[in-house]
Structure formats: C-alpha cells, structure tokens
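Visitor: Hi, I'm new to this one. Could you show me the structure and walk me through it?

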Amino acid sequence: MNKRILLSLILVIVLIIVLVIFLPLFKVFTFSDHRSDHPKIYYILMEDEQAFEIRYVHSIFLSNVFEQYRVTPRGQIQFLSMNYEDVGIGLPGYAEQGETLTVEDGIYTLTFENRVVDSFVLFVGDVDADLAFRYKGEEVNLKKHLTKGKSYLFEVERISLYDMMKGVKLNG
C-alpha cells in the first residue's frame, strides 16, 4: 500500500474518532450547576420514553408531590400535571387560566393545558426530604448525587461522548 493512501486512511480514521468523541449524539436529561462558572453536568441517559416524573416530599407538609412531564418532539419540556395531598405554600388550591384542578380521594391533581419550557431551575433543599427523578420505572435519588442547598438547571439536550466522560451519570 502506498504511503499516501495509508496516510489518508489514518487521517480519515482519526477524523471519525474525533467526530464520535465530540459530536453531540446522546440525548440526555441534564442537571447543571446553575450558578457556576464551570458547571458540572449530571445526566440521565434518555431512551425512547418521553415521559418522566419528579417526586419530592414537600418541606412544610411532609407529603409527597408528583410532577409529571413529557419531552416534546422539539426537545422541550411539557409540564403535564402535579398530584399532591395538601394545599398552600407552592401547592395551589385553585386552577388558573390554562389549568384544571380536580380532587379525588383527598388527592389534588392540577393539569396544565400547554405549559412548555426549554428548561427550569431545580432547587435541592437543605432538608432531609426526598427528591427523586423517575424515568422508565426507575427512580434516581437526586439528593444522593446533587448538593443540598444548590440550584441546578434542568434541560433535555444532546451531549457528546466527551461531555459524558466529564459529567456524572446518574442512572445505570
């Protein structure tokens, strides 16, 4: 084999490896340090399932709150509904425009017609109360991995293999 062909072949292989490492190919849910110059990324690999849930224990009422979401085809986050047992302090007892509130067996369900965002900030409280991310039947304890008292930007995005190696995988 001629040296020129061998050199071209090596160059193509190196280019492919660089592309695989740095091209954002992997769709993930990310939690990034919100107020940091060099944010650390915590991620959960996203598969074909578009629905996910955040479960937390309300710090005042000490009851479970379940927030249901869906990822839109454009990669945005659609807030579907939330379920809770108590009203007040962040848990509404009435519906606003574009919302529906129902009560059944003491459980309030607040449903949203079309609340879509690109991202939101998640505050990890400095109290010993549950905060979990549920996806595909598995639950990730966020307080085990994220720092209490800090805020994290939550979004759905594509990251590279390089970003994955720098970040912290929370599932699997």
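Guide: Here is a short tour of the strands, a pocket and a few single residues.

Guide: This is a predicted model, where local features need pLDDT of at least 70, side-chain atom pairs count only at pLDDT 80 or more, and totals for chains, interfaces and linings use all residues. Residues are numbered from 1 along each chain as its sequence is written, and side-chain values use heavy atoms, with hydrogens and water left out.

Visitor: Thanks! What is the strand order in the open sheet of 5 strands?

Guide: The order is E8-E11-E1-E2-E12, with mixed pairing. Strands (E, at least two residues) are DSSP runs numbered from the N terminus, and two of them pair if DSSP finds at least two bridges between them.

Visitor: And which are the edge strands?

Guide: E8 and E12 (168-169), each of which pairs on one side only.

Visitor: How many bridges join E1 to E11?

Guide: There are 8, between E1 (residues 26-33) and E11 (residues 151-159), and these two strands run antiparallel.

Visitor: What holds paired strands together, in general?

Guide: Strands of a sheet pair through backbone hydrogen bonds, either parallel or antiparallel.

Visitor: Okay, how about E3 and E4: what do they form?

Guide: They form a hairpin with 6 residues between them, and Leu-62 in the turn has a positive phi of about 55 degrees. The two strands run antiparallel and are joined by 7 bridges. Ala-51 stands opposite Arg-70 in E4.

Visitor: Then where does E4 go next, and what is its pairing with E5?

Guide: E4 pairs with E5 (residues 77-84) in the antiparallel sense over 6 bridges. Phe-66 has Asn-83 as its bridge partner in E5. This hairpin has 5 residues between the strands, and Gly-75 takes a positive phi near 85 degrees.

Visitor: Changing topic, what is the volume of the largest pocket?

Guide: About 360 Å³. On a 1 Å grid over the protein atoms alone, a pocket is an open set of points where a 1.4 Å probe fits, with protein on both sides within 12 Å along at least five of seven lines; lining residues have an atom within 4 Å of a point. Grid points are joined across faces, edges and corners, and the volume is the space filled by probe spheres set on the points.

Visitor: Which residues lie nearest its centre?

Guide: Of the 17 lining residues, those are Tyr-56, Leu-122, Phe-123, Gly-125 and Leu-131. Strands E3 (51-57), E4 (64-71) and E8 (119-123) each give two or more residues to the lining. E8 provides the largest share, 4 residues.

Visitor: One more: is Glu-99 buried or exposed?

Guide: Glu-99 is buried, with a relative accessible area of 12%; buried means under 20%, exposed over 50%, and partly exposed in between (1.4 Å probe, protein chains only). Glu-99 lies in E6 (residues 99-104).

Visitor: What does its side chain reach at 2.9 Å?

Guide: The backbone nitrogen of Glu-96. The Glu-99 side chain also makes a polar contact with the side chain of Arg-115 at 2.8 Å. A polar contact is a pair of N or O atoms within 3.5 Å; within protein, one must be able to donate a hydrogen and the other to accept it, and residues adjacent in sequence count only if both atoms are side-chain atoms.
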